[in-house]
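This report covers aromatic and charge–ring contacts, followed by the sheets and helices around them.

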Amino acid sequence: MISKMFGTVVVGVGIAGLARIRDLMNPMPSSPSEHLKLIGFVSRRSFGNINDAKQISLEDALKNKDIHAAFISTENKSHEETIRMFLEAGKHVLVEYPMALSAKAAHELWEMAEQKGKVLHVEHIELLTEEYKQLKKEVVGKDLVKGTLHFTGSVLDENKSGFPAFSGIARLTWLIDLFGDLTVTSATREKQKDKNYSRMTVHFQTANKKPLTWIEERGPGMRREKKINFCFTSGCLENFPEAPRSSVGLFMQDQNLFAKKLLGQVSKEELAAEKWRILRCLDLAEVIQQHCEEPEKIYS
């Protein structure tokens, strides 16, 4: 018999929200996820039921004493407000990245969660992919000389998803997780409104003053793809190492991690390191945005 159960609600029914509903209804056997019970979901659109999950109002979700945790899968721009509402209502929160579209808001929400003694968990499934785990194994212990991470993808609606440094924070998370703390040396952005094209270029320095470049490029019909070129004293890595397929889905892995936190099974050290990484990436995203939005310097 499973002792402690946490009632959950999924807020927002896009691709991520539907994956969350599926995983909550079919937890991995004998995993921490078995302690989560889906009570319902909230959406602005009217669904009635999805499989056996029933639609409830936001108000009910906030008031319901049987709901202990919210999974927030709304569009990026409403993350902040939704997290705030559920924390204020005394619920634990899992939110898809980025947790907010400003560093200030992120720090405030984290503080609020701590004051209320609630778990605030930010999904970063990019760290859970087999591709990334293999890459990290390759990089560990090597001395970086210079490196580039170049992401391409289709067009995003920035009014909903936020500035590219925030919507693309998964790439920033990789760089910080691989190479430690970074400093922004410069950041620019090229936009072609008529073509719906955007290219953000960010230059960083590692703690050892080594250069790293992040390019986030989006346009119509661009394939979702990441290219790497990391040069070390021992040689360059230009392709992702071969990676096996994982038997456990990424959202399920993330859900298990959240459940472990609810059950108090994650160490203080791990929680502190994760908090530092998440807030540091959001701080950097904001610095990048400020650099890109500075009025063009005009040299005479």
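In this predicted model, the charged end of lysine 142 is placed over the ring of phenylalanine 232, at 5.7 Å from the ring centre. Arginine 171 makes a contact of this kind too: its charged end sits over the ring of phenylalanine 151, 3.5 Å from the centre. Both cases are listed below.

| Charged residue | Ring residue | Distance to ring centre |
|---|---|---|
| Lysine 142 | Phenylalanine 232 | 5.7 Å |
| Arginine 171 | Phenylalanine 151 | 3.5 Å |

Arginine 171 belongs to helix α8. Is arginine 171 buried or exposed? Its relative accessible area is 4%, so arginine 171 counts as buried. Leaving out residues up to four places away in sequence, arginine 171 touches Leu149, Phe151, Trp214, Glu216, Arg218, Arg224 and Lys226.

Phenylalanine 232, the ring under lysine 142, stands opposite glycine 235 of β13. The strands concerned are β12 (residues 225–232) and β13, which pair in the antiparallel sense over 3 bridges. Helix α5 (residues 130–139) lies across β12 and β13, and runs at about 10° to β12. Helix α8 also packs on the sheet, where it touches β8 (144–153), β9, β10 (197–206), β11 (211–218) and β12. The direction of α8 makes about 160° with that of β11.

In which order do the strands of this open sheet lie? The 6 strands follow the order β9-β10-β11-β8-β12-β13, with mixed pairing. Strands β9 (182–192) and β13 form the edges, each pairing on one side only. On average, neighbouring strands of the sheet are turned by 10° against each other, with direction ignored.

**Aromatic pairs**

A pair of aromatic rings is described by the distance of the centres and the angle of the planes. How many aromatic pairs does a search of the whole structure find? The search returns 5 aromatic pairs. One of them joins phenylalanine 71 and phenylalanine 258, with 5.4 Å centre to centre and 85° between the planes, an edge-to-face arrangement. Phenylalanine 71 is in strand β5 (residues 69–72) and phenylalanine 258 is in helix α9 (residues 250–262), so this pair ties together parts that are 187 residues apart in sequence. Phenylalanine 71 has a relative accessible area of 0% and is buried. Phenylalanine 258 is also buried, at 0% relative accessibility.

The rings of tryptophan 174 and phenylalanine 240 have centres 5.8 Å apart and planes at 65°; because the angle is over 60 degrees, the pair is edge-to-face. Tryptophan 174 is located in helix α8 (residues 169–179), while phenylalanine 240 is in the loop between β13 (235–237) and α9, so the pair ties together parts that are 66 residues apart in sequence. Tryptophan 174 is buried, at a relative accessible area of 3%. Phenylalanine 240, at 21% relative accessibility, is partly exposed, because buried means under 20%. Ring pairs also bring in Tyr132, which forms a cluster with Trp174 and Phe240.

Strand β1 (residues 6–11) pairs with β5 in the parallel sense over 4 bridges, and the bridge partner of valine 11 in β5 is isoleucine 72. Strand β6 (residues 92–96) also runs parallel to β5 and is joined to β5 by 4 bridges. Here alanine 70 has valine 93 as its bridge partner in β6.

Threonine 8 is in strand β1 and is buried, with a relative accessible area of 0%. Apart from neighbours within four places in sequence, the contacts of threonine 8 are Leu24, Leu36, Lys37, Leu38, Ile39, Gly40, Ile67, Ala69 and Phe71.

**Helix α4**

Helix α4 (residues 103–116) has 14 residues and spans 20 Å from its first C-alpha to its last, close to the 20 Å expected at 1.5 Å a residue. Its buried residues are Ala103, Ala105, Ala106, Leu109, Trp110, Met112 and Ala113. The buried residues of α4 pack against α3 (79–88), β7 (120–123), α7 (164–167) and α10 (268–293). Glycine 117 follows α4 and has a positive phi, near 65°.

Key: Residues numbered from 1 in each chain as written. Predicted model: local features only at pLDDT ≥ 70, side-chain atom pairs only at ≥ 80, totals over all residues. Heavy atoms only, no water. Phe/Tyr/Trp six-rings, centres within 6.5 Å; stacked < 30°, edge-to-face > 60°. Helix = DSSP H or I, 4+ residues; strand = E, 2+ residues; numbered from the N terminus. Buried < 20%, exposed > 50% of the residue type's maximum accessible area, 1.4 Å probe, protein only. Lys NZ or Arg CZ within 6 Å of the ring centre and 35° of its normal. Pairing = 2+ DSSP bridges. Axes fitted to C-alpha atoms, helices over the stretch in contact; angles between N-to-C directions. Contact = heavy atoms within 4.5 Å. Expected span 1.5 Å × (residues − 1).
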